[in-house]
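Dear colleague,

Here is the structure I said I would pass on. My notes follow below it.

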Amino acid sequence: PLEAFRSGTQALRQGKTDQAVIELEYAAEQGVPGAIWKLGRMYADGDGVKMNKARAYDYFRRLTTMHADDGSSAPNARFLANAFVTLGLYQLDGIPGTLKADPNVAREMFRYAASYFADPEAQYYLGRLFLLGKGAPKDAIQAARWLRLSANKGDHRAQALLGGMLFNGEQVSRQASLGLFWLIVAKDAANEEALEEQN
């Protein structure tokens, strides 16, 4: 199974998508976490296969069910954190014909990844839910707490949101200089990301 996973990822890099899917599906059936996650990502993003959120959901759900108790230092921890975040996003918006939107479940998915795996993307989304009062009680202090954790790890969306809150004193005490700091850091990070995508 591990060899099929390696071979499948190699085939993907070489643009042999059909072969890659066959090998990754074999590895996934044997329970290889990286293969389950990769197939989920491929279907979620339409990467080499037709986008299919329902199939992506199934792969991510399977991964999180099988490995939810793996430690945050496990080799597959980043796959798990990403799977929980993606499931949370699906729960937030729903998948037509497959999944009814449930912001409360989304919050729990984000909370698990944010707390257990200290995932910055999950922390960002959790902060947003508290800020908007969607799937969670509206709580700017909790929002700022989660956004700060994410911002400290370099998530420029969290940096921008936190910066705006602090600079404008939106639902939190105004700290203009700290807010401006986060806004500048976010702008620089977003510019770097845009440059990397161009290269």
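Which residue just after α8 takes a positive phi? Gly154 does, at about 100°. This is a predicted model, in which local features need pLDDT of at least 70 and side-chain atom pairs count only at pLDDT 80 or more, while totals for chains, interfaces and linings use all residues. Residues are numbered from 1 along each chain as its sequence is written, and side-chain values use heavy atoms, with hydrogens and water left out.

Helices are DSSP runs (H or I, at least four residues), numbered from the N terminus. Helix α8 covers residues 140-152. At its start, a side-chain oxygen of Asp139 comes to within 3.1 Å of the backbone nitrogen of Ile141. Buried residues (under 20% relative accessible area, 1.4 Å probe, protein chains only) in α8 include Trp146 and Leu147.

Helix α5 spans residues 77-93. Of its 17 residues, 14 are buried, so α5 is largely enclosed by the rest of the structure. Gly94 follows α5 and has a positive phi, near 80°.

Next, the aromatic pairs (ring centres of Phe, Tyr and Trp, the last by its six-membered ring, within 6.5 Å; planes under 30 degrees apart are stacked, over 60 edge-to-face, the rest tilted). The count comes to 11. Tyr57 and Tyr90 have ring centres 6.5 Å apart and planes at 50°, so this pair is tilted. Tyr57 lies in helix α4 and Tyr90 in helix α5, so the pair ties together parts 33 residues apart in sequence. Both Tyr57 and Tyr90 are buried. Phe110 and Tyr125 are stacked, at 5.3 Å centre to centre and 20° between the planes.

Regards

Notes: Helix = DSSP H or I, 4+ residues; strand = E, 2+ residues; numbered from the N terminus. Expected span 1.5 Å × (residues − 1). Buried < 20%, exposed > 50% of the residue type's maximum accessible area, 1.4 Å probe, protein only. Polar contact = N/O pair within 3.5 Å; in protein donor to acceptor, adjacent residues only side chain to side chain.
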